[in-house]
Amino acid sequence: MNINFRKIFILFNILLYLPVMLLLWAGLGGRDYSLEQKENSRLIGVSYMTMNNEFYKILNEEISNQVEIRGDRMVLRDPALSVDRQVEQIEEMLQMGIDVLVVTPVDWKSLSGILNKAKGQGVFIVVVDSDLEEESVADCTITSDNYNAGRLVGRYFLEQNRESKLIVMTHDAAKSGQDRVKGFLDEVEKSDKIHVVKRINCDGQLEIAMPKMQQAIEEGISFDSVFCLNDLAAVGVAAALDEHDQLKQVKVYGIDASPDAKALIKEGMMSASAAQFPSRIGQITADVIYRLLDGKTVERKIQVPVELVTQENVEQYSIDRWQ
């Protein structure tokens with residue numbers, strides 16, 4: 001699969017209107033799965049931080065398959081990166097009588113009130129992909145090893161770069177993003193010849209990362225490498241660099257090993273990414289949900305290992321789909 005940056009620019013223009021579309025979609029209630037299932041079925045509520053990321057769609061597919069197999073019901077809501085909307089939608093799901101809440105917090109510090117309310121109503125809480133500040137409210141937290149993902153990329157970065165002027169693209173409200181950036185910087189800052197010239201918060205979104213990268217270029221900031229907390233941001237950065245004919249001069253690093261990122265790595269337009277495994281996370285989440293519902297014990301914290309993907313080993317992964 002090859003990346004067509006003309007399509008990226010078209011996608012960027014479409015995404016300018018995405019918040020309006022998402023508001024309309026969210027206002028209609030999102031998607032309810034399996035509404036005509038067995039009598040006495042259990043109701044699973046799900047709220048990821050956004051559905052504008054294929055990672056969550058794949059993760060959710062694994063969960064919804066198990067819910068359907070067991071004759072239970074599932075309701076999915078998309079807060080579209082709005083913590084206020086996420087709180088409102090969780091409140092709505094509590095009124096619907098959910099038995100389990102699966103949640104990826106938009107802001108890791110801002111859900112304590114509504115989640116403690118859910119716990120008070122006897123709802124099991126399973127946190128996925130990104131941690132909560134108040135960890136004790138969750139019955140189980142399931143994430144990739146986000147800190148190690150950053151470290152893996154950071155170590156490879158040091159192998160490739162003896163010195164560098166570096167831009168770091170962040171997602172400051174998400175603990176997963178914080179952990180990835182910290183892991184990366186903990187490695188690269190071992191060298192006094194690596195200098196972070198700018199940090200840019202992009203919420204891990206292509207449509208935010210791309211114009212902010214364009215702005216940094218137009219401001220004349222001198223840099224030769226960009227680390228991105230995820231591959232959506234990395235693709236946006238690569239598109240901006242390509243537009244300014246700088247993609248061959250600037251090394252781009254990410255986390256996810258999404259199909260687009262693997263295609264960029266294969267073509268030499270991106271240096272590396274740490275692979276996440278959304279299908280595996282979804283399978284573990286489904287197992288935890290039903291262990292909780294069956295009254296069995298679960299681990300409070302589960303971290304799924306990550307792997308480094310570079311041009312040297314990218315062919316070992318399926319480039320046209322997630323691993």
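Trainee: Where is the place of Gly113?
Mentor: Gly113 sits in helix H5, which covers residues 112–120; helices (H or I, at least four residues) and strands (E, at least two) are DSSP runs, numbered from the N terminus. This is a predicted model, in which local features need pLDDT of at least 70 and side-chain atom pairs count only at pLDDT 80 or more, while totals for chains, interfaces and linings use all residues. Residues are numbered from 1 along each chain as its sequence is written, and side-chain values use heavy atoms, with hydrogens and water left out.

Trainee: Is Gly113 buried or exposed?
Mentor: Gly113 is exposed, because its relative accessible area is 56%, and the cut-offs are under 20% for buried, over 50% for exposed and in between for partly exposed, using a 1.4 Å probe and protein chains only. Gly113 also has its C-alpha 9.0 Å from that of Val87, although the two are 26 residues apart in sequence.

Trainee: OK, and where does Val137 lie?
Mentor: Val137 is in the loop between strand E5 (124–128) and strand E6 (140–144).

Trainee: Buried or exposed, that Val137?
Mentor: Val137 is buried, since its relative accessible area is 4%. Once its neighbours within four places in sequence are left aside, Val137 is in contact with Leu115, Asn116, Lys119, Ile125 and Leu132, where contact means heavy atoms within 4.5 Å. With one of these, Lys119, the C-alpha to C-alpha distance is 7.3 Å across 18 residues of sequence.

Trainee: Changing topic, which helix does Ile63 lie in, and what does Ile63 touch?
Mentor: Ile63 belongs to helix H3, residues 54–69, and it counts as buried because its relative accessibility is 0%. Not counting residues up to four places away in sequence, Ile63 touches Tyr48, Met74, Val102, Gly282, Thr285, Ala286 and Ile289. The C-alpha atoms of Ile63 and Ile281 are 9.4 Å apart, with 218 residues of sequence separating them.

Trainee: How do the axes of H3 and H11 cross?
Mentor: The axes of H3 and helix H11 (residues 278–293) come within 8 Å and cross at roughly 35°; axes are lines fitted to C-alpha atoms, for helices over the stretch in contact, and angles run from 0 to 180 degrees between N-to-C directions. The crossing of H3 and H11 is right-handed, a term used when the near helix is turned clockwise from the far one by less than a right angle, with anticlockwise being left-handed. Among the residues making the contact are Phe55, Leu59 and Ile63 of H3 and Ile281, Ala286 and Ile289 of H11. By class, this contact of H3 with H11 has 10 nonpolar, five polar and one charged residues, where Ala, Val, Leu, Ile, Met, Phe, Trp, Tyr, Cys and Pro count as nonpolar, Asp, Glu, Lys and Arg as charged, and the others, Gly among them, as polar.

Trainee: What about H6 and H7, at what angle do they pack?
Mentor: Helix H6 (residues 146–160) and helix H7 (residues 175–188) pack at about 30°, with their axes 7 Å apart, and their crossing is right-handed. Here Tyr147, Arg151 and Phe157 are among the residues of H6 that meet residues of H7 including Asp179, Arg180 and Phe184. By class, the contact of H6 with H7 has six nonpolar, five polar and seven charged residues.

Trainee: What is phi like at Leu81 and Asp203?
Mentor: Most residues other than glycine have a negative phi. Leu81, however, has a positive phi near 70°, and Asp203 has a positive phi of about 55°. Leu81 lies in the loop between strand E3 (73–77) and helix H4 (83–96), whereas Asp203 is in the loop between strand E8 (194–201) and H8. Leu81 counts as partly exposed because its relative accessibility is 24%, and Asp203 counts as partly exposed because its value is 26%.

Trainee: And how far apart are the end C-alpha atoms of H8?
Mentor: The end C-alpha atoms of H8 (residues 206–218) are 18 Å apart, which agrees with the 18 Å that its 13 residues should span at 1.5 Å a residue, because the expected span is 1.5 Å times one less than the number of residues. Among the buried residues of H8 are Leu206, Met210, Met213 and Ile217, and the helix is followed by Gly220, whose phi is positive, near 80°.

Trainee: Last one, how many helices and strands are there in the protein?
Mentor: The protein has 11 helices and 13 strands, and 55% of its 323 residues count as buried.
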